[in-house]
Amino acid sequence: MLNTLFTANELYQFIPEFMGQYTNKTPPDLKRIAYFIRDARYNGMANQWEKSKSSINNLKSHWPIVKAQVKKEQENQASKMEFSIYELEKVVAQSNMNLTKLKSDIALENLKKLEETFEK
């Protein structure tokens with residue numbers, strides 16, 4: 001099952017490149033961030049914490065790209081997203097699998113809500 005999750009997520013990483021070819025309301029980097037959140041989660045589930053930490057670092061490097069595109073009415077949701085990234089980073093650093101699953105779910109939910117604000 002874990003191999004299937006990794007494979008599906010690996011395919012997902014190419015969606016932002018595809019999206020970048022077209023005009024969208026949502027930044028393609030939102031999809032990259034989702035990829036890195038799931039990659040950190042799945043690597044944690046596989047007990048590959050160094051890879052999980054690397055995914056968090058990649059996530060943190062892409063977040064400023066999205067944050068720069070946030071409008072005033074989206075700032076509240078962007079703050080929630082930023083905090084969930086920080087929380088996910090903490091639990092990955094602790095190599096805590098259960099909290100990593102929980103915090104990644106929260107981060108993905110916050111990302112989904114942020115994406116909805118871009119679509120409005």
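**Exercises on helix packing and an aromatic pair**

Tyr-35 is found in helix H3, helices (H or I) being DSSP runs of at least four residues, numbered from the N terminus. The model is predicted, with pLDDT of at least 70 needed for local features and 80 or more for side-chain atom pairs, while totals for chains, interfaces and linings use all residues. Residues are numbered from 1 along each chain as its sequence is written, and side-chain values use heavy atoms, without hydrogens and water.

**Exercise 1.** Classify Tyr-35 as buried or exposed, and list its contacts beyond four places in sequence.

*Solution.*
- Step 1: the relative accessible area of Tyr-35 is 7%.
- Step 2: under 20% counts as buried, over 50% as exposed and in between as partly exposed (1.4 Å probe, protein chains only), so Tyr-35 is buried.
- Step 3: with neighbours within four places set aside, Tyr-35 is in contact (heavy atoms within 4.5 Å) with Asn-9, Glu-10, Tyr-12 and Gln-13.
- Step 4: Ile-15 is 20 residues from Tyr-35 along the chain, and their C-alpha atoms are separated by 9.6 Å.

**Exercise 2.** Describe how H1 and H3 cross.

*Solution.*
- Step 1: the axes of H1 (residues 2-12) and H3 come within 10 Å and cross at roughly 160 degrees. Axes are lines fitted to C-alpha atoms over the stretch in contact, with angles from 0 to 180 degrees between N-to-C directions.
- Step 2: H1 and H3 are therefore roughly antiparallel, a label for angles over 145 degrees.
- Step 3: the crossing of H1 and H3 is left-handed, meaning that the near helix is turned anticlockwise from the far one by less than a right angle.
- Step 4: residues making the contact include Leu-2, Leu-5 and Phe-6 of H1 and Ala-34, Tyr-35 and Arg-38 of H3.

**Exercise 3.** Describe how H3 and H4 pack.

*Solution.*
- Step 1: H3 (residues 29-45) and H4 (residues 49-67) pack at about 165 degrees, with axes 8 Å apart.
- Step 2: that makes H3 roughly antiparallel to H4.
- Step 3: the crossing of H3 and H4 is left-handed.
- Step 4: among the contact residues are Ile-33, Phe-36 and Ile-37 of H3 and Ile-56, Leu-59 and Trp-63 of H4.

**Exercise 4.** Classify the ring pair of Phe-83 and Tyr-86.

*Solution.*
- Step 1: there are 3 aromatic pairs, counted where ring centres of Phe, Tyr and Trp (its six-membered ring) lie within 6.5 Å.
- Step 2: the centres of Phe-83 and Tyr-86 are 6.1 Å apart and the planes stand at 40 degrees, so the pair is tilted; planes under 30 degrees apart count as stacked, over 60 as edge-to-face and the rest as tilted.
- Step 3: Phe-83 and Tyr-86 are 3 residues apart in helix H5 (residues 75-93), and therefore separated by about one helical turn.
- Step 4: Tyr-86 is partly exposed, at 43% relative accessible area.

Methods:
Helix = DSSP H or I, 4+ residues; strand = E, 2+ residues; numbered from the N terminus. Parallel < 35°, antiparallel > 145°, perpendicular 65-115°, else oblique.
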